[in-house]
Amino acid sequence: MSPITLFLIAFGLGLAGWLAARAKAWSFQQESGAKRMAARPNYHAWYVALWIVIPTLAFALIWTLAAPQLVIQSVLASEAASRLPEFGFQRESILSEARAVASGNAGSVFNPAAQEFVEPFREAINRYHLIGIAVAVVIAFGCGVASFLRLRPDFTARTRVERTVMAILLLASLVAILTTFGIFASLVFETFRFFGMVNPIDFLFGTFWGPDPMSNPDNPDGSRYGAIPLFWGTIYIGAVIAMIVAIPLGLMSAIYLTQYAHPKVRAWVKPTLEILAGVPTVVYGYFAALTVAPAIRDMAYSVGFTSASSESALAAGLVMGVMIIPFVSSMADDSIAAVPSAMRDGSLAMGATTSETIRKVLVPAALPGIVAGVMLAISRAIGETMIVVMAAGAAANLTGNPLEAMTTVTFQIVAMLTGEGSFDHPATLSAFALGFVLFMVTLGLNFVALRVVKRFREAYE
Amino acid sequence: MTVIHPNLKQTEAKMRASDVSVYYGDKKAIDEVSIDIPSEYVTAFIGPSGCGKSTFLRTLNRMNDTIPSARVEGLIELDGENIYTSAMDVVQLRARVGMVFQKPNPFPKSIYDNIAYGPRIHGLAETKDEVDEVVERSLRRAGLWEEVKDRLSDSGTALSGGQQQRLCIARAIAVDPEVILMDEPCSALDPIATAKIEELIDDLNGRYAIVIVTHSMQQAARVSQRTAFFHLGKMVEYGKTSDIFTNPIEQRTQDYITGRYG
C-alpha cells in the first residue's frame, strides 16, 4: 500500500535525522566546552526531524490524493481505452472493476470487458507507487540535509521548534472551524437550490406540510412545503415540554449539589448525573417509545381522553427533558459555584438562612450562567433526533395538545433523506432547507449563550 | 497564660468567651482563649498572619459553622446566653452580631436592595416607607448617603472599593445589631478610603460593640480602646489599647508592636 510506505519513509528518515542531528549537537557541546549553546541538543534533533517529517508527510498527503487520478489518466491514454463505452456509468464500472483486480482487492473480473484494463492498471499503479517513494525519499533527504547543514553551536533551534509546534497546534484547532464553514457552505448551496423551486415565503410561513416525493419535480406545489407545523413541533417538544422538565429538576439538583449535599453524597451523585449525558440518545428513544409513550396513552385513556395517540409529543418531550437535565444542572452547578463565597458568607452573616441566601443572592448572581445553560440545553433539545423519531410520530400536526403525535424538523430531515426520492427533487432538498434553519437557530442560541457566559465570567474576575 | 493588663478595670461584658478552642479537623487553631468584650468600646485583635484572630472573630457569630471541618469548644456568651446551644437560633444570633468582611462583598443588586436585604428577611421593615427609612438611616450612619442618594438603583458592585465597604457596613447596621465584627475591613482599601472607614468606626463607637481584626498596629491604636494580642492561636495579652502599645507586659507583645516580627 502506497500511503503506508510513504508514512514509513517519513517517520523512518525523520528518526534517522533526529539521531544524526543529536549526535552532531552533542559533538558541538563537547567542542565548545564551557561556552553555552543557544539550544540544547534535543532541540537540534527535533529541528531536523520536523524538517524531514513535515514536508514528506505533506507530499504523502498530496500524493495519496493525486496518484489515483494520475493512474486513471495513464490508463485512459492506452490504446484499449478507445474501446470503452461512451456512457459514463458503464465506463466507470468497468474501470473500477479493473482497478479492484489490479490492486488485489478482487480475485477476478466479472465483466470480460474489464479484463484488458487489468494489466494497464497494475502497471500504472506500480509505476506511480515507485515514483511516489522516490520523490518522498528525495524530499526527505533534501530537507534533512539542508536543515542539518544549518546546525551551529549558536543556532536557535529551540525557538524554531517551538514556533513549528505552535503552527501545528493552530492547524489542529482550525480543522474544526473550517469543517463548520464547510458544513455551512454545503447547506447553503442545497438550500438555495430548494428555494429556487419553492418560494421561501411558502416554506417559512406555510401551515401545511406534506411533500410528495413522487410528484413532478419540475412543478412543485409550494403549498405542500409549509414548515410551520415542524417548527411548532420542534419548539413545543424541545423548548417547551422538555424544558418544563429539565429546568426545575436541573436547577434543583444543582442547588442541592452545591449547597446542601455532603461532599460524600456529591462525590457520587454528580458523576452519576453526568453519566446520563453519556447515554446514547437512541437508548432514550427506546425508553420513550416502548415505556413512556404507552404509559401516557393508557393514563390519558383512563381519565377519558380517548383521542390520545400512542405516539405523543408529551412522551418525547418528557424523555428529552430527562436527557437534558445533566446539561442544565452542570451549567447551573458551575455558575452557582462561580459566585464568590464572600457573597454567600455576606448573606449568611446578615442572618439569612441557607434557603434565603440561595433564593435571593446565589441564584440571582448566577442567573446569567443559568440562562446560558438553559439556552445551550434548548439548542441541544431542538437538534435532538432519535427520541422524536422513535416516540413523537410522523404526523405534522399544528396543535397544542401534547397527547397528539407531532413531528419535528429533525424527524422530517431524516424522513426526506431516507425516502425514495431523487436528490433533484424538492422533497429531498427540503431536508437541507430545514437543516439550514435548524443550524441557524442553534448557532444563534449558542452564540448568545456563550456571550452571556463570557460577560458573567468577566463580572467576577 | 493570657496576661490581663492590670490597668484594665473589668466592666460588664457584652460578649464573654471562656476557654474557647477551635479545631480545623485535628489542627488546633485557637487554644483556650478567654476574653470579655465590652459593650461601649472598640476592641481590636492584633497579631501576625495565621495567629487565629480571624478564626476567633468568626466564632463570635458562628460563621465557622459554614466550614464543615471546624469544631468549637468552650463557652461563648452574648449577654450571658450561650450562643453554641441548640436553643440559640443562629439566624437570630447573626442578626444581633453583624459582620463586615475583609474584601467588600456587596451583593450584585442595587445599592438600595443591598441595604434592604437584611431588614426584609428579618421582617424589620414591611412597607415601602419603612424600608426607605431604614435604607436612608443606615446609609447616613455609614456616611454614604450624600454620595449615593441620587443613584440608589445603581448596582452596589459599581461603587469604588471604599464605598463598597461602607455599603457593607451600612448593610450590617440596617438590621440594628448589638455587636459588629469587622475582619480586617481596610486591608483591601487605599489610605483615603481607610481613613474614612476609621472615622466611621469612631462614629459608630458607643452605639454598637465593635470588634475589629487588623493587621495594622497604627489602625488598632487609632480606632480601639481595648486591644488583644494573638500569637500562634493563643491570646497573649489583653488590656487598654494605650497600655498595650506603651507599656506591654509580655515580651512577645513588646516584640510585635515594636516590629520585631510579624
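Which residues does A391(A) touch, not counting residues up to four places away in sequence?

## Surroundings of A391(A)

In this predicted model, A391(A) touches G285(A), A288(A), A289(A) and A293(A), together with E311(A), A315(A), A316(A) and V319(A), when residues up to four places away in sequence are not counted.

## Nonpolar cores

The largest nonpolar core has 159 residues. Those that touch the most other members are A288(A), A316(A), V319(A), V328(A) and A391(A). Helix α10 of chain A, residues 313-338, gives the most to this core, with 16 residues.

There is also a second, separate core of 26 residues. Among its members are L13(A), W18(A), W46(A) and I52(A). As a general point, nonpolar side chains in soluble globular proteins tend to be buried together.

## Where chain A meets chain B

On the side of chain A, 14 residues are in contact with 20 residues of chain B. Two elements of chain A give two or more residues to this side: α11 (341-349) and α12 (354-383). Of the elements involved, α11(A) gives the most, with six residues.

By class, the residues of chain A that touch chain B divide into eight nonpolar, three polar and three charged.

## Helix α3 of chain B

Helix α3 of chain B covers residues 111-121, and eight of its eleven residues are buried, so the helix is largely enclosed by the rest of the structure. The buried residues are I111(B), D113(B), N114(B), I115(B), A116(B), Y117(B), G118(B) and P119(B).

What covers these buried residues comes from both chains: it includes α12 of chain A, and from chain B α4 (128-141), α5 (145-148) and α6 (161-174). After α3(B) comes G123(B), which has a positive phi, near 65 degrees.

## Packing of α4(B) and α6(B)

The crossing in which α4(B) passes α6(B) is right-handed.

From α4(B), the contact is made by V134(B), S138(B), L139(B) and R141(B), and from α6(B) by A170(B), I173(B) and A174(B). The contact has five nonpolar residues, one polar and one charged.

Key:
Residues numbered from 1 in each chain as written. Chains lettered and ligands numbered in written order. Predicted model: local features only at pLDDT ≥ 70, side-chain atom pairs only at ≥ 80, totals over all residues. Core = buried A, V, L, I, M, F, W, Y, C linked by C-beta atoms within 7 Å. Buried ≥ 20, exposed ≤ 12 C-beta atoms within 10 Å, placed from the backbone. Helix = DSSP H or I, 4+ residues; strand = E, 2+ residues; numbered from the N terminus. Contact = placed C-beta atoms within 7 Å. Nonpolar A, V, L, I, M, F, W, Y, C, P; charged D, E, K, R; others polar. Left-handed = near helix turned anticlockwise from the far one by under 90°.
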